[in-house]
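Thanks for making time this morning. I would like to walk you through one structure, starting with its aromatic rings and then turning to the sheet and the helices.

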Amino acid sequence: MSQILKDRFGRIHDYLRISVTDRCNLRCVYCMPEEGMEFEPEERLLTFEEIAEVVRVLAGYGVRKLRLTGGEPLVRKNLEQLVRMLSAIDGIEDIALTTNAIHFASRAEKLREAGLTRINVSLDSLRADRFSLITRGGDLSRVLASLEAAHRVGLDPIKLNVVLMKGMNDDEIEDFLKLTLERSLHVRFIEYMPIGHDDDGWKTKYISLNTVLERCEHIGWQVEAMEQSVRGNGPSQNFRIAGAAGTFGLIHPVSDHFCETCNRLRLTADGNIKPCLYWSDEFNVRRYIGNDQALAELFFRALDVKPESHEMAKALLSEQQSHTPTSRRMSQIGG
């Protein structure tokens, strides 16, 4: 390995998030509108072979960890084949999946056999009616069955991603925390972000994650900050309720950004490198695939323009920002 993917602020990038589709079988209220979304035609998506070629080149520059995202990655046919191709690449040590888990239970074993190591499940309510409302039609029982399947096939850790929304699910904080008492789950509360919003409507749902720790104190739980992070690539501050089998984490990109430790790049389903989740800069890889040196140079060029911070806090305060925020929805980026 002659070079590593280091940006001008000294951040080393060993982690690539790969969106395999912008389509989803749900319509979560913070991710996409109920109707009117225009999706990329299949022929504009990177093929599995193209994705594997990009990863093979990046593995030579220190990328070791991958995450498959969407949209919902499991709506992409034969995803097991891609996992198998990626796990065979020399240097790749970890392949994770972020999913709404509606279709995961029936595919858990094959994905594990193909080389999947970890799973993050998006789950914003433990109440069936509310879950259906937030996802616009999702079936909570299928997600819970998928969590059991993930445990059964030996995926570890199993993380739950909870986007905390004021007046919508913030009264379930205690219910989610109780999941960690008896089971080795890692529940991660995530602040509502202004991704793909062209107005300030998102602010009405935003709530600081200090609320979670305040809730623990109110209940009387003793909370311990964890010195060691939960295995994975996440930027969460991690905690354990005293005596609990599992843990919980706080991901607060708005109120307390973690940009100084960012180690990730993103590859969208239509083949664009996004150096930062929030800003609009993109670099298309398609015409460079097959030319290893040119492809690597494109990634270094993307790192050269990666800003020091995403400045989401300025969006919350309606302050002037230094760059142009992305107009893409979260489902079009891959999160």
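There are four aromatic pairs in this structure, which, please keep in mind, is a predicted model. In one of them, the ring centres of Tyr61 and Phe300 are 5.7 Å apart and the planes stand at 75°, so this pair counts as edge-to-face. Because Tyr61 sits in the loop between α1 and β2 while Phe300 belongs to helix α8, the pair ties together parts that are 239 residues apart in sequence. Tyr61 and Phe300 are both buried. Another of the pairs, Phe239 with Phe248, is stacked, with 5.4 Å from centre to centre and 20° between the planes, and these two residues are buried as well.

Turning to the sheet, we have twelve strands in an open arrangement with mixed pairing, in the order β7-β8-β9-β6-β5-β4-β3-β2-β1-β10-β11-β12, and the edge strands, β7 and β12, each pair on one side only. Within that sheet, β5 (residues 158-164) and β6 (residues 185-191) pair in the parallel sense over seven bridges, and Lys159 stands opposite His186 in β6.

Helix α6 lies across β5, β6, β8 and β9, and runs at about 155° to β6. It also packs against helix α7, at an angle of about 75° and with the axes 10 Å apart, and the two helices are therefore roughly perpendicular to each other. In that contact, Ile173, Glu174 and Leu177 of α6 meet Thr211, Val212, Arg215, Cys216 and Ile219 of α7, a set that divides into five nonpolar, one polar and two charged residues.

Notes
Residues are numbered from 1 along each chain as its sequence is written. This is a predicted model: local features need pLDDT of at least 70, side-chain atom pairs count only at pLDDT 80 or more; totals for chains, interfaces and linings use all residues. Side-chain values use heavy atoms; hydrogens and water are left out. Axes are lines fitted to C-alpha atoms, for helices over the stretch in contact, and angles run from 0 to 180 degrees between N-to-C directions. Helices (H or I, at least four residues) and strands (E, at least two) are DSSP runs, numbered from the N terminus. Angles under 35 degrees count as roughly parallel, over 145 as roughly antiparallel, 65 to 115 as roughly perpendicular and the rest as oblique. Contact means heavy atoms within 4.5 Å. Ala, Val, Leu, Ile, Met, Phe, Trp, Tyr, Cys and Pro count as nonpolar, Asp, Glu, Lys and Arg as charged, and the others, Gly among them, as polar. Two strands pair if DSSP finds at least two bridges between them. Rings of Phe, Tyr and Trp (its six-membered ring) pair if their centres lie within 6.5 Å; planes under 30 degrees apart count as stacked, over 60 as edge-to-face and the rest as tilted. Buried means under 20% relative accessible area, exposed over 50%, partly exposed in between (1.4 Å probe, protein chains only).
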